[in-house]
Amino acid sequence: MKIVIVGCTHAGTAAAAQILKDHPEATVTIYERDDNISFLSCGIYLYLGGKVNHLEDMFYSSPETLAKLGAMVRTKHNVLKIDAQSRTLQVVDMTTGKVFGDTYDKLIMTTGSNVAVPPIFGIDESKVLLCKTYSQLCKTYSQAQEIYQTAQDNQRIAIIGAGYIGTELSESYANTHHEVTLFQSHDQILNNYISKEISDQAVQLLKDHGVNVLLNHQVTAFTGNDDGELVIETNQGDFNADLAIVGTGFVPNTELLRGQVEMDKHGAIIINDYVQTSDPDIYAAGDSCVVNFNPTGHSAYTPLATNAVRQGALAGANVFGNQQRYMGTQATSAMQLFDHTLATTGLTLAMAKLNHIPAERVTYEGNWRPAYMPSTAKLTIELIYNPENRKILGAQFLSAHEVAQSANALSIAIQNGNTIDDLAFVDMLFSPNFDEPFNYLNLVAQQAIEQERQAGRNHPRITAYGDWAKQNDKDLQ
């Protein structure tokens with residue numbers, strides 16, 4: 001079987017590795033426009049902040065590695081056209097300019113996404129850089145290098161947009177003694193991921209570390225002044241900076257298959273439970289396609305590196321026959337914000353309501369382990385659940401303690417359709433080194449149960465215990 005992979009960052013690398021692991025006899029050709037593959041684009045954020053010493057360390061694979069596995073890796077090759085009906089491609093060698101054709105039996109599209117350029121006057125100013133937004137920083141290694149080099153000669157940094165990238169960049173530049181101003185058009189930061197209340201705590205963290213956070217500031221234009229400064233015009237006045245970095249959002253890069261496979265309103269490729277498109281010979285993974293978002297039960301466009309890796313590996317397995325179903329995602333993610341961990345999974349209350357899902361919220365505030373221990377730290381958990389079926393919909397965490405793995409635990413609970421009753425009494429370890437006799441995940445769920453009881457929405461206690469509890473209750477009677 002001849003398999004062609006178009007694009008090779010996270011999803012393409014995972015797909016190629018999976019194919020050649022399971023079927024080393026397969027013919028695999030990879031076309032990639034850049035001269036490298038598998039760049040962990042969060043690396044620039046870590047590099048800027050001094051947490052990693054070499055940007056080059058953020059590659060977890062290479063063309064040479066995939067070639068040793070048996071792939072034909074053609075970097076600096078751009079696919080110009082795909083004809084799904086004839087299963088042919090037209091490709092240009094970007095080094096020589098030579099255009100040639102190729103064919104495939106199965107095609108895996110991992111073409112990612114492009115930066116969405118916002119309609120802001122002066123966006124093409126030389127002192128304005130565009131960056132991709134979400135839990136990654138820049139799309140390519142070369143963009144990462146450009147941002148790092150440019151930042152060395154500029155002291156006053158303006159960050160436009162307070163999604164993951166804007167927030168992470170603000171921390172990095174604050175840690176390297178830059179003067180940082182973070183502009184956000186909403187009344188909170190990370191509005192797609194956390195609540196206003198958690199945002200308020202995160203904003204205070206940023207301010208405590210010298211970041212000037214300007215909420216409800218819509219940037220309308222970039223201009224210059226006679227002093228050579230960059231002027232940032234907003235709906236609440238003008239501000240000066242040496243450099244602006246814009247986190248603008250992104251759109252799926254799927255033009256090659258436009259009109260040939262089904263896509264959603266964003267232009268993201270629609271996939272089935274085996275990451276297969278409407279064309280049975282074409283699979284898609286990563287930023288170019290949708291995900292199955294479990295908290296809503298619907299597909300969504302949610303580009304994350306975690307989704308790309310999993311979908312890529314599944315595409316690599318399923319091109320030989322639908323072997324492994326795609327479990328979907330909870331869009332679980334986390335970031336280190338100065339000395340705190342901020343983590344999230346599933347839906348916020350606002351996003352649940354936007355999706356017309358019945359939802360309630362409880363907020364747990366306490367220590368992550370007993371106060372009698374030599375040290376502890378405050379922990380905030382917001383738990384979102386459906387009061388009609390009591391299923392967990394989402395959660396957000398903020399603490400100076402590392403709580404990211406608790407977000408992973410609740411991601412599993414959402415995946416499995418667990419309820420607040422399940423979570424309230426699920427078995428978790430106890431040691432004063434790690435938690436209270438009831439883990440804080442138990443406690444926030446018990447708080448939700450109490451909230452439901454007070455609201456008059458009682459639920460049989462046996463939900464948390466299953467058949468064993470049913471029999472035990474009979475014995476007790």
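Ala331 counts as buried, because its relative accessibility is 14% and the cut-off for buried is under 20%. Bear in mind that this is a predicted model. Ala331 sits in the loop between H7 and strand S21 (333–337), and its phi is positive, about 55 degrees, although it is not a glycine. Most residues other than glycine have a negative phi.

**Backbone angles to look at**

- Val275 is another residue other than glycine with a positive phi, in this case near 55 degrees.
- Look for Val275 in the loop between S17 and S18.
- Is Val275 buried or exposed? Val275 is buried, with a relative accessible area of 0%.
- Gly210, which follows H6, also has a positive phi, near 90 degrees.

**The chain as a whole**

- You'll find 12 helices and 25 strands in the chain.
- The chain has 477 residues, and buried ones make up 53% of them.
- Take the contacts between residues at least 6 apart in sequence: 63% of these join residues at least 24 apart.

- The largest nonpolar core has 45 residues, and Ile82, Leu89, Leu107, Ile108 and Met109 are the ones with the most contacts inside it.
- Which elements give two or more residues to this core? They are strands S1 (2–6), S2 (27–32), S4 (77–83), S5 (88–93), S7 (106–109) and S18, along with helices H1 (10–22) and H7 (305–318).
- Another core, of 29 residues, lies apart from that one, and its members include Leu129, Leu190, Ile198 and Ile245.
- Back in the largest core, Ile108 is one of the residues with the most contacts. Setting aside neighbours within four places in sequence, Ile108 is in contact with Ile3, Val4, Ile5, Val6, Ala15, Ile19, Tyr283, Ala315, Gly316 and Val319.

**Helix H6 and its buried side**

- H6 covers residues 196–208, and its end C-alpha atoms are 18 Å apart, which agrees with the 18 Å that its 13 residues should span at 1.5 Å a residue.
- Which residues of H6 are buried? They are Ile198, Ser199, Ala202, Val203, Leu205 and Leu206.

- Leu337 lies in strand S21 and counts as buried, at 0% relative accessibility.
- Not counting residues up to four places away in sequence, Leu337 touches Thr167, Glu171, Ala202, Leu205 and Leu206.
- Leu337 and Ala202 are 135 residues apart in sequence, yet their C-alpha atoms are 7.9 Å apart in space.
- His340 is in strand S22 (residues 340–346).
- Why does His340 count as buried? Its relative accessibility is 19%, and buried means under 20%.
- Leaving out neighbours within four places in sequence, His340 is in contact with Leu205, Met335, Leu398, Ser399 and Ala400.

**Thr254 in its loop**

- Thr254 lies in the loop between strand S17 (250–252) and strand S18 (282–284).
- Thr254 is buried, with a relative accessible area of 2%.
- A polar atom of the Thr254 side chain lies 2.5 Å from the backbone oxygen of Gly267.
- Leaving aside neighbours within four places in sequence, Thr254 is in contact with Met263, Gly267, Ile269 and Ser288.

**An exposed glycine**

- Gly297 is in the loop between strand S19 (291–293) and strand S20 (298–300).
- Gly297 counts as exposed, because its relative accessibility is 61% and exposed means over 50%.
- Gly297 and Gly328 are 31 residues apart along the chain, and their C-alpha atoms are separated by 9.2 Å.

**Cysteines**

- How many disulfides does the structure hold? It holds 0.
- Cys8 is buried, with a relative accessible area of 1%.
- Cys289 is buried too, with a relative accessible area of 2%.

Technical notes: Residues numbered from 1 in each chain as written. Predicted model: local features only at pLDDT ≥ 70, side-chain atom pairs only at ≥ 80, totals over all residues. Heavy atoms only, no water. Helix = DSSP H or I, 4+ residues; strand = E, 2+ residues; numbered from the N terminus. Buried < 20%, exposed > 50% of the residue type's maximum accessible area, 1.4 Å probe, protein only. Polar contact = N/O pair within 3.5 Å; in protein donor to acceptor, adjacent residues only side chain to side chain. Contact = heavy atoms within 4.5 Å. Core = buried A, V, L, I, M, F, W, Y, C linked by side-chain atoms within 4.5 Å. Disulfide = S-S within 2.5 Å. Expected span 1.5 Å × (residues − 1).
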